[in-house]
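Look at the structure first, then read the points below.

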Amino acid sequence: LQPNRYVVDFNVTFKSMEGIIASNQNSITLDWRMYIPQQEKGRQNEENYTTIKYKYFQDDVDQLKFRSNKDEDKADITTKLSWIAYQDQFFSSVLITNDFFLNGSVQSTKLTSPKYIRYFTSELGVPFNPGPESNISMKFYYGPNHMSTLRKEGMELDKIVFLGKNIIGWINRFMIIPVFNWLEKYIGSYGLIILILTILIKIVLFPLTFKSYQSTAKMQVLKPMVEEIGKKFPKQEDAMKKQQATMDLYKRAGINPMGGCLPMLLQMPILFAMFRFFPVSIELRQEAFLWATDLSTYDSILTLPFKIPIYGAHVSLFTLLMTASTLLTMKMTSASPGQDQPGMKMMMYMMPVMFMFMLNNFSAGLTYYYFLANILTYLQNIISKRFIDEKKVLATLEENRKKPLKKSKWQQRLEEAAKQRGIQPPKK
């Protein structure tokens, strides 16, 4: 092995095989089988990232389905291949041909053994030239699923690490990972690296979300007036009148009621990118921070004598902190339109609890990041509120009340369409 590399070159040489292999045979079958051992604390999370991947010759990378619930999963490949990888959460064994495999058949079998996760098998068609001597050159990569290490080997081996599709993968590959690797050079604690990374992300997003935070704060100023409108139209059949009166109120105050949704929409790609990044980040493997002994898997402050469905048999403190901070930030946005309804409130508070159950077995680095992001969001909301002059908002409202409210082109089209159907718009 060369220094800092995980590749083994090897040749298979056939000599004097004329009497054994037919002279008209142009391919032979390579049969590769492997038991994939369990190596991480969180078996469920490790199983989610254990699969077979393969690269089509001069084309893209494909794989057996992630998180498959099938006991057996297989694929028959009729086209040429460049390599095939047996992958688990943090390491891969990759068989690479210097030429190409003619075709292949791969299969993954789920195991219940406490020692092994899956059993992988492959049958690959290898080009063969009959004669006194024939050589087949290949190589094995046995090593970590580390982006820069795999990228140095070429052949798109870095695509073994699944970082999400489309914009999610783009954010991880070209934004999150370069910044993360740069911080690694100067900071030894990965807990601090995640903290700084979170702050940097929030700083980048803050100019885009500031106006939206302000919109939410302004809506809270008008919340008593919105409640008065609700009392004025208590009946279910007056829901349209109530909605129109509320929208008119916001419009006269110069508030975009949908503006408060913008921060969440802007953060969603980042949230999903982190959801993909942390569980496959080998840098966090066996790295401790605070009470978490390994940031790549779940942290546990209490082991339960029983197993709760979905939740598991342990209590993750970072997951609890994430849930509590999510509820805290949601409480600040309770003035948004529609969130004063009982059904909406229940859904709003049920979602964090659902995520608590789902993420209890996930990477501590991931739930730690979500916790930090929530706390910073809360602080940004408080800072934004300080720039809101309640008297100015109310003065704008009173001034605009004296003016006739202009209908938007969209509203005019809706009313025109309603008239054509014989429906009269509600009177103010």
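Two strands count as paired if DSSP finds at least two bridges between them. Helices (H or I, at least four residues) and strands (E, at least two) are DSSP runs, numbered from the N terminus. This is a predicted model, in which local features need pLDDT of at least 70 and side-chain atom pairs count only at pLDDT 80 or more, while totals for chains, interfaces and linings use all residues. Residues are numbered from 1 along each chain as its sequence is written, and side-chain values use heavy atoms, with hydrogens and water left out.

**The sheet**
- Four strands make an open, antiparallel sheet in the order E2-E9-E8-E5.
- Strand E2 (27–37) and strand E5 (72–77) are the edge strands, as each pairs on one side only.
- Strands of a sheet pair through backbone hydrogen bonds, either parallel or antiparallel.

**Strand E9 and its partners**
- Strand E8 (residues 104–110) pairs with strand E9 (residues 116–127) over seven bridges, in the antiparallel sense.
- E8 and E9 form a hairpin, with five residues between them.
- In E9, Ser122 stands opposite Val106, and Leu124 stands opposite Gly104.
- E2 and E9 run antiparallel and are joined by eleven bridges; Phe120 in E9 is the bridge partner of Met34.
- Nine of the twelve residues of E9 are buried (under 20% relative accessible area; exposed is over 50%, partly exposed in between; 1.4 Å probe, protein chains only).

**Helix H5**
- In helix H5 (residues 223–232), the residues Val226, Ile229 and Gly230 are buried.
- These residues lie on the same side of H5, because they cover an arc of only 100° around the axis (the arc of the directions from the helix axis to the C-beta atoms).
- Lys231 and Lys232 are exposed, on the face of H5 turned away from its buried side.
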